[in-house]
Amino acid sequence: MSDKLKVGILGGTGMVGQRFISILENHPWFEVVTIAASPRSAGKTYEEAVGDRWKMDTPMPEAVKNLVVYNVNEVEKVASTVDFVFSAVDMTKDEIKAIEEAYAKTETPVVSNNSAHRWTPDVPMIIPEINDDHTDVIEFQKKRLGTEKGFIAVKPNCSIQSYTPCLAAWMEYEPYEVIASTYQAISGAGKTFKDWPEMVGNIIPYIGGEEEKSEKEPLRIFGHIENGVIVPAESPKISCQCIRVPVLNGHTATVFVKFRKKPTKEELIAKLESFSGVPQELNLPSAPKQFIKYMEEDNRPQVSLDVDYEGGMGVTIGRLREDTIYDYKFVGLSHNTLRGAAGGAVLCAELLKAKGFINKK
């Protein structure tokens with residue numbers, strides 16, 4: 001019998017679900033034993049349920065091909081087979097909230113890639129290098145749910161990963177006003193060029209709900225726990241535009257920042273290069289050795305060259321320079337389905353295991 005924790009993937013047939021399965025193929029701590037999806041996939045093998053819709057660059061892992069897919073709505077049945085679950089279900093926000101709480105109430109921790117619970121006051125939304133202390137709110141959540149082990153934790157939106165770590169690294173200089181534009185890959189919409197041909201050679205200047213998330217979620221990351229809930233920070237104020245561009249993987253951001261305490265360029269770069277957190281201290285399996293890398297070349301970071309930095313779990317920054325209106329401006333790049341989605345959730349689960357929140361049932 002394996003010593004690894006038994007993992008279930010809710011919504012395992014979609015793109016993010018596939019990414020979870022791909023990432024976890026040889027994970028040292030976690031083993032995928034259960035895949036759950038919509039009733040139309042239930043009862044089929046995973047290979048049959050996915051069919052020709054496998055979207056990863058690497059082949060489907062042999063270990064999951066013959067797993068019989070469960071109906072995600074049969075909560076007790078699925079929960080009985082696993083120690084915890086990753087959630088990537090494709091449902092309405094209210095349906096996601098309800099089903100994730102239902103799993104948590106079976107004493108099954110839920111680590112979610114979905115946005116539904118990001119603003120539930122006692123659910124931590126975690127970038128592990130930045131706000132690992134927000135896991136402290138889980139005890140208050142358990143009291144509300146009436147659970148001993150079951151809870152929900154979420155990762156934030158993919159688009160904030162390419163600039164929020166910089167702001168965290170620079171907090172001592174008190175950034176107070178930020179303008180960001182994100183140029184977002186089509187895989188963020190669960191698409192490839194094969195099934196979204198109208199994106200080839202095209203730009204769409206709108207991604208539903210994305211700008212509000214990009215402006216508000218960093219403030220929740222920078223917030224604090226008070227009376228059993230997470231209270232968002234009030235600063236920096238962020239204004240954002242989000243644009244879909246013809247790139248498969250990788251969200252790029254152009255960012256302008258004002259500081260109350262103006263640093264030098266050299267100080268800012270030093271803070272980026274040295275920035276790390278609990279994942280690095282604990283050497284968690286998915287943690288990048290160096291979270292943020294500064295690139296000196298004028299034409300970097302580039303998606304084609306840099307999106308897979310640290311296995312897609314690191315962030316690359318370049319073109320930091322003084323601005324004529326703001327204090328500084330820079331360009332950031334992060335992998336949207338690795339650091340920004342499934343990989344970020346796996347790192348979050350590793351943090352929760354290391355802190356004792358996820359254990360064998």
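I take contact to mean heavy atoms within 4.5 Å. With that settled, I went through this predicted model and wrote down what I looked up.

**Entry: helix 1**

I began at helix 1, residues 15-23, which is mostly covered, with 7 of its 9 residues buried. I listed the buried ones: Met-15, Gly-17, Gln-18, Arg-19, Phe-20, Ile-21 and Ser-22. What do the buried residues of helix 1 pack against? I found strand 1 (5-10), strand 2 (30-37) and strand 4 (84-87) among the partners, along with helix 2 (46-50), helix 3 (62-65) and helix 13.

**Entry: the whole chain**

Then I stepped back. I counted 13 helices and 14 strands in the protein chain.

Of the contacts between residues at least 6 apart in sequence, 77% join residues at least 24 apart. The chain exposes about 15000 Å², and carbon and sulfur atoms supply 49% of that. For charges I got 42 positive and 50 negative, with mean positions 2 Å apart.

**Entry: the cores**

The largest nonpolar core has 54 residues. Which of its members touch the most others? They are Tyr-103, Tyr-163, Trp-170 and Phe-330.

I followed up Tyr-103. Leaving out residues up to four places away in sequence, Tyr-103 touches Leu-10, Val-72, Glu-74, Val-75, Val-78, Ala-79, Thr-108 and Val-110.

**Entry: Arg-339**

Back to helix 13, residues 338-354, where I picked out Arg-339. Is Arg-339 buried or exposed? I have it as buried, because its relative accessible area is 2% and the cut-off for buried is under 20%. Not counting residues up to four places away, Arg-339 touches Ile-127, Pro-128, Glu-129, Gln-161, Pro-288, Phe-291, Gly-312, Met-313, Gly-344 and Leu-347.

**Entry: cis peptide bonds**

I logged a cis bond from Ser-235 to Pro-236, with omega near 5°. Pro-236 sits in the loop between strand 9 (229-231) and strand 10 (237-244). I logged another cis bond from Arg-300 to Pro-301, with omega near 5°. Where is Pro-301? I placed it in the loop between strand 12 (292-295) and helix 12 (303-306).

**Entry: positive phi**

Glu-107 is not a glycine, yet its phi is positive, at about 70°. I found Glu-107 in the loop between helix 5 (93-104) and strand 5 (110-112). Its relative accessibility is 25%, so I put Glu-107 down as partly exposed.

Arg-319, also a residue other than glycine, has a positive phi near 55°. Arg-319 is in strand 13, residues 315-322. I noted Arg-319 as partly exposed, with a relative accessible area of 37%.

Technical notes
Residues numbered from 1 in each chain as written. Predicted model: local features only at pLDDT ≥ 70, side-chain atom pairs only at ≥ 80, totals over all residues. Heavy atoms only, no water. Helix = DSSP H or I, 4+ residues; strand = E, 2+ residues; numbered from the N terminus. Areas by Shrake-Rupley, 256 points an atom, 1.4 Å probe, with all protein chains shown as cover. Lys, Arg positive; Asp, Glu negative; His and termini not counted. Charge placed at Lys NZ, Arg CZ, Asp CG, Glu CD. Buried < 20%, exposed > 50% of the residue type's maximum accessible area, 1.4 Å probe, protein only. Core = buried A, V, L, I, M, F, W, Y, C linked by side-chain atoms within 4.5 Å.
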